[in-house]
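Hi,

Here is the structure I promised to pass on. Have a look first, and my notes follow below.

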Amino acid sequence: MIISDKQELRRCVKQAVRRAQIAECCLRFDPQQGALGVDALLDESGMRGRKGTPFGTDGAAFYAAMEALELPTRDLNSARTMQESYDRHAYIREILDAMKARRVLTAVDVRRSDADFYGDERLAPLVCVKKEFFAPGRYGIPFEQLAKELGESIRVLGARDVLLDTFDAEALRYCVLPVCEDMRCVVHVYLTSEEEIGRFSDLLDASSVRALVSAPECIEAALLHAAAERPRMLVCLSGLKHLDMALSLLGARFVPYSSRASAPEMMLGRWLCAKEALWQALCDAYLPLARAGYALESASVEQDVQMLLSGNIMNLYETY
């Protein structure tokens with residue numbers, strides 16, 4: 001169906017974004033032992049003991065999550081009782097259902113060997129390799145031994161994703177990238193300077209690995225330009241500041257948001273708020289095309305939204 005006016009465009013984009021399934025890049029939460037419930041949400045949102053109007057994105061995320069889970073915000077004791085009536089894994093499933101989750105990459109330490117701690121097939125392991133993993137010994141850093149340990153962790157956990165917590169060119173060159181190449185895993189990195197963007201781009205070019213990369217907003221433009229030349233590099237934006245640039249350079253081949261939460265409820269709340277901001281920003285991006293005479297179809301909008309919110313991440317694993 002051709003979209004004929006601005007109001008129809010708003011309805012179409014809003015509906016597509018609100019209904020779309022989500023892929024979350026990084027939930028730092030242990031499904032077996034991590035803190036759940038109203039108190040965990042109060043702590044992560046900063047709402048515990050807060051007075052006055054709760055301005056800010058996490059204040060909105062708190063209320064969005066509570067409403068989505070049908071927990072009363074005016075009676076937190078009743079909310080706790082309702083939440084505690086759920087089995088732990090059933091409650092996590094309730095959160096994932098409310099979020100319309102398709103895949104949630106859940107950080108797990110490289111030295112954890114419990115392969116069955118997820119409890120829901122939508123939770124997928126993101127093997128987290130911290131700087132301490134590469135601590136030098138008497139004879140330097142034993143990259144070959146560490147590569148074997150990383151590979152075994154990936155095998156036991158059934159992982160398809162590896163997160164290098166801190167950029168380290170040597171660790172990437174001699175351990176993480178070769179292991180990801182051999183085991184067909186996606187590498188995740190956070191780059192903090194334009195120099196790191198250049199060094200990582202060169203390392204990626206020399207491998208066959210696929211990467212999901214993010215950076216602070218101040219250097220995000222450089223990252224987007226690097227990704228425009230590299231189809232195996234997928235960018236996850238830190239915010240919507242560079243949405244127009246991302247759309248111009250990459251089309252719909254990027255990830256517009258990640259909650260990076262430590263509690264599932266906060267992940268839910270942040271995503272609900274992000275969707276509201278995203279559909280409005282996408283409307284503004286589509287509007288000049290429609291006004292210029294481009295025949296914008298609702299099916300195309302739905303396809304774009306699906307790729308942005310989950311399709312691009314899922315495509316990282318296709319034929320790989």
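This is a predicted model: local features need pLDDT of at least 70, side-chain atom pairs count only at pLDDT 80 or more; totals for chains, interfaces and linings use all residues.

Residues are numbered from 1 along each chain as its sequence is written, and side-chain values use heavy atoms, with hydrogens and water left out.

The buried set in H8 is Glu-196, Ile-197, Phe-200, Ser-201, Leu-203 and Leu-204. They end up on the same side of H8 because they cover an arc of only 165 degrees around the axis (taken from the directions from the helix axis to the C-beta atoms). Their cover includes helix H7 (169–183), strands S5 (186–190) and S6 (210–214), helix H9 (220–228) and strand S7 (233–235). Helices (H or I, at least four residues) and strands (E, at least two) are DSSP runs, numbered from the N terminus.

Now the sheet. It is open, has 7 strands in the order S1-S2-S3-S4-S5-S6-S7, and the pairing is parallel (two strands pair if DSSP finds at least two bridges between them). S1 (22–27) and S7 are the edge strands, each pairing on one side only. From one strand to the next the twist averages 25 degrees (axes are lines fitted to C-alpha atoms, for helices over the stretch in contact, and angles run from 0 to 180 degrees between N-to-C directions). S5 and S6 share 5 bridges in the parallel sense, and Leu-212 in S6 is the bridge partner of His-188. H9 packs on the sheet, touching S6 and S7, and its direction makes about 145 degrees with that of S7.

What about Cys-236: buried or exposed? It is buried, at 0% relative accessible area, in the loop between S7 and helix H10 (243–250). Leaving aside neighbours within four places in sequence, the contacts of Cys-236 (heavy atoms within 4.5 Å) include Cys-25, Leu-212, Glu-220, Tyr-257 and Arg-260.

Cheers

Technical notes:
Buried means under 20% relative accessible area, exposed over 50%, partly exposed in between (1.4 Å probe, protein chains only).
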